[in-house]
Amino acid sequence: MTEPSGSLGGERIVVVGDSPLVTELAKALEGAGGEVRPFIVRHADLAARPARPVAGLGEALREATLGIDITTGPAIEKRAVVRQIDEMLPDRAYLLAFALPVSATEIASWCRQPERVCGFGFIPPFGATKLVELAGATQTGDAAREVAERVFGALDRETARVGDGVGLVAARVLTSIINEAAYALMTGIASAQDIDAAVRLGVNYPHGPLEWADLIGIDLVFAIIKGMHDETGDDRYRPAPVLRQMVLAGHTGRMAGRGFFDYS
């Protein structure tokens, strides 16, 4: 593997994922001097058995120095993306993986060279985030952690090394609050507007929890809270049924606007 340097100049980066975060991150990386190839994959392709190959990905990865997975979907879909990147990425390159719905250690276990994998996480959208959490897998080498710090530092983001686990730190806290708010909405304790107003005014958050779910994406919120429940078995993290219903119905936003469910 190449040793990490202090600049994105000359880096050939491939970004792969299933949401507009691919475009957001690719634009930021290009602005920092990287040569970037973005690939947005469809959930239908990832859900196929076996998963359909991402067209053009192999050719792009052959000359890449860095692969970035930013798949936000469930583990089975994320594994399909990570394995395609890992199989095609040159041995000298590194792999950074979005480790909110799945832990970095689990992601690294899917790879041929787990020591080159480093997990990262932030609360979407990327343009609004100031902090990127970095989580080394149990298998991660020091060089991969340093690459992750350099890449996100070049994007003018503060980085913090945190312990590995689904949701990392910030998203674990926030999605737990959103999940409780979803239970309150579902059981008719209060309207969406009242729940959001109470949290904004009571604890001075910039957004209410249901409004925040819209900004993050309800599909990602559900993936994180479900991943936390699967990982720990703790009923504190049992997903609110309304979150699952909205994702199954394809309504990944609009919870705060009550565009799908109305519990008033």
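**Exercise 1. Find which elements supply at least two residues each to the lining of the second largest pocket, then describe this pocket.**

Step 1. In this predicted model, look at strand 6 (131-136) and helix 9 (209-216): each of them supplies at least two residues of that lining.

Step 2. Next, take the space itself. The second largest pocket holds about 250 Å³.

Step 3. Now find its centre. The lining has 14 residues, and Ile123, Ala128, Thr129, Lys130 and Trp212 are the closest to the centre.

Step 4. Finally, sort the lining by class: 9 residues are nonpolar, 3 are polar and 2 are charged.

**Exercise 2. Work out which helix gives the most to the lining of the largest pocket.**

Step 1. Start with the pocket, whose volume is about 400 Å³. Helix 4 (75-88), helix 10 (218-232) and helix 11 (241-248) are the elements that give two or more residues to its lining.

Step 2. Among these, helix 10 gives the most, with 7 residues.

Step 3. To place the pocket on the structure, find Gly73, Pro74, Phe222, Ala223 and Lys226, which lie nearest its centre among the 21 lining residues.

Step 4. By class, the lining divides into 9 nonpolar, 5 polar and 7 charged residues.

**Exercise 3. Describe the lining of the largest cavity.**

Step 1. The count comes to 1 cavity of 30 Å³ or more, and the volume of the largest cavity is about 30 Å³.

Step 2. Highlight Leu100, Phe122, Ile123, Pro124, Ala171, Leu174, Thr175, Ile216 and Ile224, the residues that line this cavity. Helix 7 (residues 170-186) provides the largest share, 3 residues.

Step 3. Sorting the lining gives 8 nonpolar residues, 1 polar and no charged.

**Exercise 4. Decide whether aspartate 86 is buried or exposed, and do the like for its partner, arginine 112.**

Step 1. Find the pair: aspartate 86 and arginine 112 form a salt bridge, with their closest N and O atoms 3.5 Å apart. Aspartate 86 sits in helix 4, while arginine 112 lies in the loop between helix 5 (104-109) and strand 5 (117-121), 26 residues apart.

Step 2. Aspartate 86 has a relative accessible area of 2%, so it is buried, the limit being under 20%.

Step 3. Arginine 112 has a relative accessible area of 44%, so it is partly exposed.

**Exercise 5. Trace the salt bridge between glutamate 11 and arginine 150.**

Step 1. Their side chains meet at 2.9 Å, N to O.

Step 2. Glutamate 11 belongs to the segment before strand 1 (12-17) and arginine 150 to helix 6 (residues 142-154), 139 residues apart.

Step 3. Both glutamate 11 and arginine 150 are buried.

Definitions and conventions
Residues numbered from 1 in each chain as written. Predicted model: local features only at pLDDT ≥ 70, side-chain atom pairs only at ≥ 80, totals over all residues. Heavy atoms only, no water. 1 Å grid on protein atoms, 1.4 Å probe; cavity = no way out; pocket = protein on both sides within 12 Å on 5 of 7 lines; lining within 4 Å. Points joined across faces, edges and corners; volume = space filled by probe spheres on them. Helix = DSSP H or I, 4+ residues; strand = E, 2+ residues; numbered from the N terminus. Nonpolar A, V, L, I, M, F, W, Y, C, P; charged D, E, K, R; others polar. Salt bridge = Lys/Arg side-chain N within 4 Å of Asp/Glu carboxyl O. Buried < 20%, exposed > 50% of the residue type's maximum accessible area, 1.4 Å probe, protein only.
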